[in-house]
Amino acid sequence: MSSTSELVVEIKTDSAEMTREVAKDISAILRPKDTVILTGDLGAGKTQFVKGVATALHVKDSVVSPTFIIGAIYEGDLKLIHIDAYRLDSLYEVLDLGLDDEFLDSICLIEWGNKIADFVENVFLTVVFGFGEVENERLLKVYCHDQNRLDDVKKVMVDGLYFSRKEKEISK
Ligand SMILES: Nc1ncnc2c1ncn2[C@@H]1O[C@H](COP(=O)(O)OP(=O)(O)O)[C@@H](O)[C@H]1O
Ligand SMILES: [Mg+2]
């Protein structure tokens, strides 16, 4: 993983739907080969985020938690690889998945990806999920590892749809 990592934005969501909406907005800047690492405790919203990306990519199948199957590949506008690294312990297990060719034209989302981040190429973003102070509140911290695309991330997160929608809601 690239050593550069800049915290781009912290977002508080108050529902699973809002977490999925944030994911949809982030999807707009994802390109083939990008890997996004999702970290945070059980129930923090990582799989909800993957569902949002899947919706944005027009994946027809419903995304399920891959905890017991390690990974799944979904067909959409782009291919979506969804890996849960919770039970993966080594580089060899990652290689054993045999996904090398699949990565080339896919977007890859890895839950618990911090465990294997050193072995994964093309890590573009890390999203760290934390619990908020009240029920259903989650804090998403988005880190960008590609200096050249920092502005894209800032644009979509800070000036993008999500915040203008929120502002409209607030000003109602
Ligand atoms: N703000 C929120 N963002 C994401 N999920 C939320 C939120 N509030 C409540 N939830 C609920 O928390 C759970 C998150 O589960 P999941 O996405 O599977 O977590 P993880 O994959 O991190 O273990 C879901 O049941 C979801 O409905
Ligand atoms: Mg999950």
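How many bridges join β3 to β4, and do they run parallel or antiparallel? Four bridges join the two strands, which run antiparallel. The legends below set this pair in its surroundings. The model is predicted: local features need pLDDT of at least 70, side-chain atom pairs count only at pLDDT 80 or more, and totals for chains, interfaces and linings use all residues. Residues are numbered from 1 along each chain as its sequence is written, while chains are lettered from A and ligands numbered from 1 in written order.

**View 1. Overall fold.** The protein has six helices and seven strands. These are DSSP runs, numbered from the N terminus: helices are H or I with at least four residues, strands E with at least two. Along the sequence the pattern is β-α-β-α-β-β-α-α-β-β-β-α-α. Of the 172 residues, 36% are buried. A buried residue has 20 or more other C-beta atoms within 10 Å of its own, with C-beta atoms placed from the backbone. Among contacts with a separation of 6 or more, 68% come from residues 24 or more positions apart. Contact requires C-beta atoms, placed from the backbone, within 7 Å.

View 2. Seven strands line up as β1-β7-β6-β2-β5-β4-β3, with mixed pairing. Strands pair if DSSP finds at least two bridges between them. β1 (6–13) and β3 (71–74) are the edge strands; each has a single partner, so one side of each lacks a neighbour in the sheet. Neighbouring strands are turned by 15 degrees against each other on average, direction ignored. Axes are lines fitted to C-alpha atoms, for helices over the stretch in contact; angles run from 0 to 180 degrees between N-to-C directions.

**View 3. Strand β2 between β5 and β6.** Four bridges join β2 to β5 in parallel. Five bridges join β2 to β6, also parallel. Thr35 has bridge partners on both sides: Cys108 in β5 and Val123 in β6. Five of the five residues of β2 are buried. Thr35, Ile37 and Thr39 cover one face, Val36 and Leu38 the other.

**View 4. Helix α2 on the sheet.** α2 lies across β2, β3, β4, β5 and β6, at about 165 degrees to β5. Ten of its eleven residues are buried, so α2 is largely enclosed by the rest of the structure. Its buried residues pack against α1 as well as β2, β3, β4, β5 and β6. One of them, Val53, touches Ala23, Ser27, Leu80 and Leu109, not counting residues up to four places away in sequence. Just after α2, His58 takes a positive phi of about 60 degrees.

**View 5. The largest nonpolar core.** This core holds 39 residues; Leu38, Val53, Leu80, Leu109 and Val127 touch the most other members. Elements that give two or more residues include α1, β2, α2 and β4. Such a core is a set of buried Ala, Val, Leu, Ile, Met, Phe, Trp, Tyr and Cys residues joined through C-beta atoms within 7 Å.

**View 6. The shell around ligand 1.** The shell has 19 residues, the closest being Ala16, Thr19, Gly45, Lys46 and Thr47. α1 (16–27) and α2 (46–56) are the elements that give two or more residues to this shell. Its classes are five nonpolar, ten polar and four charged residues.

Technical notes. Near = placed C-beta within 6 Å. Nonpolar A, V, L, I, M, F, W, Y, C, P; charged D, E, K, R; others polar. Buried ≥ 20, exposed ≤ 12 C-beta atoms within 10 Å, placed from the backbone. Contact = placed C-beta atoms within 7 Å.
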